[in-house]
Amino acid sequence: MPRRLLQFLLPAAVGALMIALWYGIHAWLSEDLRFLLPTPDAILGAFREHGAELARATLNTGEGALLGWLLAVAVGFALAVGLSLSPLVRLSFYPYLMILQMTPIIVFAPILVLWVGAGLKSVVIITFLICFFPLVVNTTQGLISVDRNQVELFRLYRASRWQELWLLRIPAALPYFFTGLRIAATLAPIGALVGDYTAGSSAGDGGGLGFQTLIYSSQAKYPALFATAAVTCALGFLFVAAVLALSWAALHSWHDSYERNDQ
Amino acid sequence: MPPIVKIEDLHKIYDSGEVPVHAVRGVSLDIHQKEFLALMGASGSGKSTLMNTLGCLDRPTRGRYLLDGVDVAQLDKNELADIRNQKLGFVFQGFNLLSRTTALENVELPMLYGKRKMSSKQMRERAMHCLEIVGLAKRFDHMPNQLSGGQQQRVAIARALVNEPQVLLADEPTGNLDSKTSIEVMGVFQKLNEQGITIVMVTHELDVAHYCKRNLILRDGVIVRDELVQDRSIAEIELAKLKEAETAAKLLAAGSPAH
């Protein structure tokens with residue numbers, strides 16, 4: 001069988017098997033425990049019932065995730081350029097970056113709510129805090145991992161520091177930067193969700209997915225909770241797919257990680 | 001005509017380690033215009049140190065180095081960089097091309113640095129001309145990963161030519177290439193040399209050195225042999241021979257009886 005066909009058939013078969021197993025477990029559970037595992041059609045039902053609510057919450061969380069992620073990209077990139085300038089700068093700032101990374105967001109959240117209030121602002125800041133570290137670390141690593149010979153060539157021809165950064169270091173750091181971007185993209189929806197869960201608000205246009213999670217679980221709407229999980233998962237895929245497309249567009253013409261067929 | 005490179009009793013002592021290393025111990029050397037010189041020697045013989053001095057990357061501890069009449073020891077860091085850009089071109093073992101950048105843009109790079117005097121159109125024309133010299137004008141828009149090793153080294157040679165240097169310094173330029181590609185690259189050097197460029201290259205391959213006009217062997221920081229090459233290899237002829245041998249081998253394979 002051609003490989004391409006297998007690539008679709010095998011996951012589809014595993015998926016079908018899992019759904020069958022799912023129904024099996026549901027049927028096998030005693031009547032009073034079945035609520036623990038709603039069937040796929042019950043979850044689809046929840047989509048129909050809460051569709052508008054979920055769509056609005058998804059947009060809300062998506063907005064928080066996107067803004068927080070963009071903020072992390074901008075600040076992270078600028079900071080990485082600063083850190084790449086000298087080992088002394090790195091030495092001075094790294095411990096504080098580590099501290100920032102190690103402090104759990106759950107602890108930050110109430111403080112943030114005090115500072116800027118619950119809602120989108122807090123969600124964006126929490127997403128930013130979660131996304132920012134992998135971006136800074138990866139980009140800095142890329143900027144300082146330039147081939148020594150290339151740096152020497154630039155110094156040999158007396159290129160300015162600015163030319164060295166712009167023509168040599170930033171292009172060489174792009175693959176690292178995109179790795180950071182991809183990690184951040186998987187974290188952004190989670191960050192926004194956690195942010196919304198801990199510092200979200202139903203004020204204005206209503207809460208995001210984290211807020212809905214709180215509501216559905218307190219109301220024991222389990223099929224709707226599963227539907228929320230599915231939507232969150234889809235949002236994550238969307239983010240990662242967008243970054244993969246970006247990274248392909250930026251790298252495919254010159255970087256070895258993309259195979260070329262036009263030779 | 002005065003020599004383009006004049007070295008008198010050159011010493012270089014590295015003081016950074018626990019024991020000072022006397023890498024070059026009294027080398028005197030004249031290199032005239034249109035010479036084509038191979039510098040040979042085992043590692044630790046001082047050939048890299050000598051090459052760094054020639055490239056104005058390092059100042060001699062003692063002795064004199066006149067490059068086109070200018071005493072290099074008297075220059076400060078910026079003046080060294082200027083004289084490098086004006087008079088010298090560099091070719092390396094590892095090509096050192098920027099991977100995100102087309103062949104043409106790679107060749108343009110040395111013109112971007114320092115004081116800009118040229119329009120981008122002029123730079124483009126000059127870079128294109130250099131690519132023509134090395135026979136890669138048709139591939140000007142290729143990225144390094146679309147070029148073979150030999151082609152990448154030719155782009156690097158074009159880059160070294162773009163500031164119109166008087167001396168080309170090449171450090172193991174064939175070190176990363178197979179033997180046939182090495183001959184092709186040596187052919188490019190021979191052509192450039194015929195057009196009047198002085199070339200100094202470091203190599204440890206005897207057959208590569210045989211394409212040069214003059215061979216210099218260093219040992220323990222001094223020149224132990226300095227001779228003109230007899231029966232110099234000519235790249236064009238060697239390549240023709242190789243092609244003939246390949247054709248013969250193919251004919252032989254085609255003519256062998258099938259079972």
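## Val75(A) and helix 2 of chain A

Val75(A) is partly exposed, with a relative accessible area of 35%; here buried means under 20% relative accessible area, exposed over 50%, and partly exposed in between, computed with a 1.4 Å probe on protein chains only. The residue lies in helix 2 of chain A, where helices (H or I, at least four residues) and strands (E, at least two) are DSSP runs numbered from the N terminus. Not counting residues up to four places away in sequence, Val75(A) touches Phe128(A) and Phe132(A), contact being defined as heavy atoms within 4.5 Å. Val75(A) and Val136(A) are separated by 61 residues in sequence, and their C-alpha atoms are 8.5 Å apart in space.

Gly51(A) also belongs to helix 2 of chain A, which spans residues 40-84. Its relative accessibility is 24%, so Gly51(A) counts as partly exposed.

## Basis of the values

The model is predicted: local features need pLDDT of at least 70, side-chain atom pairs count only at pLDDT 80 or more, and totals for chains, interfaces and linings use all residues. Residues are numbered from 1 along each chain as its sequence is written, chains are lettered from A and ligands numbered from 1 in the order in which they are written, and side-chain values use heavy atoms, with hydrogens and water left out.

Leu6(A) is placed in helix 1 (residues 3-28) of chain A and, at 31% relative accessibility, counts as partly exposed. The C-alpha atoms of Leu6(A) and Leu83(A) are separated by 47 Å, with the two residues 77 apart along the chain.

Gln212(A), in helix 8 (residues 209-218) of chain A, is buried at a relative accessible area of 5%. Leaving aside neighbours within four places in sequence, Gln212(A) is in contact with Glu53(A), Arg56(A) and Ala57(A). Gln150(A) is found in helix 6 (residues 148-156) of chain A and is likewise buried, with a relative accessible area of 8%.

## Helix packing in chain B

Helix 3 (residues 103-112) and helix 5 (residues 149-161) of chain B pack at an angle of about 30°, and their axes are 7 Å apart. Axes are lines fitted to C-alpha atoms, for helices over the stretch in contact, and angles run from 0 to 180 degrees between N-to-C directions. The crossing of helix 3 and helix 5 of chain B is right-handed; this term applies if the near helix is turned clockwise from the far one by less than a right angle, and left-handed if anticlockwise.

Helix 3 of chain B contributes Ala103(B), Asn106(B), Val107(B) and Pro110(B) to the contact, and helix 5 of chain B contributes Val155(B), Ala158(B) and Arg159(B). By class, five of these residues are nonpolar, one is polar and one is charged. In this scheme Ala, Val, Leu, Ile, Met, Phe, Trp, Tyr, Cys and Pro count as nonpolar, Asp, Glu, Lys and Arg as charged, and the others, Gly among them, as polar.

## Nonpolar cores

The largest nonpolar core has 83 residues, and those with the most contacts inside it are Ile7(B), Ile157(B), Phe189(B) and Leu192(B). A nonpolar core is a set of buried Ala, Val, Leu, Ile, Met, Phe, Trp, Tyr and Cys residues joined through side-chain atoms within 4.5 Å. Apart from neighbours within four places in sequence, Ile157(B) is in contact with Val91(B), Val134(B), Val185(B), Val188(B), Phe189(B) and Leu192(B). A second, separate core of 43 residues includes Val123(A), Ile126(A), Phe132(A) and Leu251(A).

## Cysteines

A search of the whole structure finds zero disulfides over all chains, a disulfide being a pair of cysteine sulfur atoms within 2.5 Å. For Cys233(A), the nearest cysteine sulfur, that of Cys131(A), is 17 Å away. Cys233(A) is partly exposed, with a relative accessible area of 44%, whereas Cys56(B), at 1%, counts as buried.

## Positive phi values

Most residues other than glycine have a negative phi. Arg158(A) has a positive phi near 60°; this residue is found in the loop between helix 6 and helix 7 (161-199) of chain A and is partly exposed at 28% relative accessibility. Asp220(B) has a positive phi near 50°. Asp220(B) sits in the loop between strand 9 (214-219) and strand 10 (222-228) of chain B and is exposed, with a relative accessible area of 53%.
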